[in-house]
Structures are given as C-alpha cells and as structure tokens.
Amino acid sequence: MFRWMFTIFIAICILSAASPWLTKLGIGRLPGDLRVRWRGREMVFPFASTVVLSLVFNLLIRLL
C-alpha cells in the first residue's frame, strides 16, 4: 500500500512540474484534473491524467 501511495505521489509531482508542456498535448485538462488558485498561485493536481498515462505506459510495456 505504501509503495503505491509513494508511486502516485511521485507521478503527480512529475506531471505537475511538466504540466506546461503536457497541456499542449491535452494532458492536464481531463475531467478529474484539479486546478486550484490560492493566494495568487495556481496548483495543478492531475489525478485523471496520472491514471490515463499509467494505463498507456502499462499497455506499452505489456505489448513490448
């Protein structure tokens, strides 16, 4: 359980850092991705994008 939580946390951190580049591809704008503005800062929590990308990578790994 801890390993999955850690993996999801790392994936969310990476996707949040890469969000300016990924929004050009449509990732980060899915229903389930949260954008919160608080005190002039915008925080992005790409929950749905994380699930979609992990499914895609999982399928790629299984096919190779």
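Modeller: On a 1 Å grid over the protein atoms alone, a cavity is a set of points where a 1.4 Å probe fits but cannot get out. A pocket is an open set with protein on both sides within 12 Å along at least five of seven lines. Lining residues have an atom within 4 Å of a point. Points join across faces, edges and corners, and a volume is the space filled by probe spheres set on them.

Colleague: What sort of model is it?

Modeller: It is a predicted model, where local features need pLDDT of at least 70, side-chain atom pairs count only at pLDDT 80 or more, and totals for chains, interfaces and linings use all residues. Residues are numbered from 1 along each chain as its sequence is written, and side-chain values use heavy atoms, with hydrogens and water left out.

Colleague: How many cavities of 30 Å³ or more are there?

Modeller: The count is 1. The largest cavity has a volume of about 50 Å³. Its lining is made of Leu15, Ser19, Leu22, Thr23, Ile27, Gly28, Arg35, Val44 and Pro46.

Colleague: Which elements give two or more residues to that lining?

Modeller: Helix H2 (19–22) and strand E2 do. Helices (H or I, at least four residues) and strands (E, at least two) are DSSP runs, numbered from the N terminus.

Colleague: How does the cavity lining divide?

Modeller: Into 5 nonpolar, 3 polar and 1 charged. Ala, Val, Leu, Ile, Met, Phe, Trp, Tyr, Cys and Pro count as nonpolar, Asp, Glu, Lys and Arg as charged, and the others, Gly among them, as polar.

Colleague: And the largest pocket, what is its volume?

Modeller: About 250 Å³. Helix H1 (2–17) and helix H3 (47–63) each supply at least two residues of its lining. Trp4, Ile8, Leu15, Phe47, Thr50 and Phe57 are among the lining residues. The lining of the largest pocket has 9 nonpolar residues, 3 polar and no charged.

Colleague: What about serine 49?

Modeller: Serine 49 is in helix H3 too. It counts as buried, at 1% relative accessibility. With neighbours within four places in sequence left aside, serine 49 is in contact with Leu15, Ile27, Gly28, Leu30 and Asp33.

Colleague: New topic. How do strands E1 and E2 pair?

Modeller: E1 (residues 33–38) and E2 (residues 41–46) pair in the antiparallel sense over 6 bridges. Strands pair if DSSP finds at least two bridges between them. The hairpin has 2 residues between the strands, and arginine 39 takes a positive phi near 55° there.

Colleague: What is the bridge partner of arginine 35 in E2?

Modeller: Valine 44. Arginine 35 also has a salt bridge with glutamate 42 (2.9 Å, N to O). A salt bridge is a side-chain nitrogen of Lys or Arg within 4 Å of a carboxyl oxygen of Asp or Glu.

Colleague: How many salt bridges does the structure hold?

Modeller: It holds 2. The other one joins glutamate 42 and arginine 37 (3.5 Å, N to O). Arg35, Arg37 and Glu42 are linked in a network of salt bridges.

Colleague: Where do those three stand on exposure?

Modeller: Arginine 35 is partly exposed at 41%, and glutamate 42 is partly exposed at 39%. Arginine 37 is exposed, at 70%.

Methods
Buried < 20%, exposed > 50% of the residue type's maximum accessible area, 1.4 Å probe, protein only. Contact = heavy atoms within 4.5 Å.
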